[in-house]
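I opened my notebook to look up a few features of this fold. Here is what I wrote down.

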Amino acid sequence: LAEDDPVVRPMDIGVATALLASTCMMMSLYYITNWPDPDIRRYAYQIINSTLSIFCAVLLFNSMTSLLDAALDQELSPTTELVPRMVWTFSWYVSLQVVLAWCSYQFAPEDVKEEVANRMEAGHRESRDRVVVNLRTAGVLLAQLAGFTAINAFGSLQQLEWFAQSPSHAATVVPIAGVFCCAMGLMTEG
């Protein structure tokens, strides 16, 4: 090699490959979201929305968990650590229910509820679409956050001494988590 020839490092190849792959991905997204068939466009947007939603939920969950861990600063026993994680799960579930109730006008005065209901019954698609979009957006994001916190909390439960004894003991957390989640769902049913 001559002295002025550039040296290609493996990292340079990796960065160039990632740049080309991301450019191809963006071009593919542009192509599929402008497809002539409206069904293809609709499904493409649904997949993109779901993907972005889960990424946002993961980022929010990691941020909030980091804050919780910073608040719990000191080294805690698994039992002591479990309580704030369960409260964290319950608080996200309650937040989900409150936001969904608010988006569906459950906290609105009766006259506002009637007005929205009348507009929806009269065929005002804009009113219905606004309620549906708000419910779906808030519902999906907060449901994912509540699910992640439940996974985190019941993972902490598996760290307790009795559950950590064997895989069969750890597996008993699954029905416990199921009962807990069903109980929370039954509390807000109706």
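I asked which helix gives the most to the lining of the largest pocket. H2 does, with 8 residues. Helices here are DSSP runs of H or I with at least four residues, numbered from the N terminus. A pocket is an open set of points on a 1 Å grid over the protein atoms alone, where a 1.4 Å probe fits, with protein on both sides within 12 Å along at least five of seven lines; lining residues have an atom within 4 Å of a point.

I noted that this is a predicted model: local features need pLDDT of at least 70, side-chain atom pairs count only at pLDDT 80 or more, and totals for chains, interfaces and linings use all residues. Residues are numbered from 1 along each chain as its sequence is written, and side-chain values use heavy atoms, without hydrogens and water.

I looked up the space in the largest pocket: about 430 Å³, a volume filled by probe spheres set on grid points joined across faces, edges and corners. Of its 14 lining residues, Asn49, Ser50, Arg136, Thr137 and Val140 are the closest to the centre. Helix H2 (38-71) and helix H5 (125-158) each supply at least two lining residues.

Next I checked helix H4 (residues 110-121). Its 12 residues should span 16 Å at 1.5 Å a residue, and its end C-alpha atoms are 16 Å apart, so the two agree. The expected span is 1.5 Å times one less than the number of residues. Just after H4, Gly123 has a positive phi of about 95°.

Last, I found Tyr105 in the loop between H3 and H4. Tyr105 is not a glycine, yet its phi is positive, near 65°. Phe107 sits in the loop between H3 and H4.
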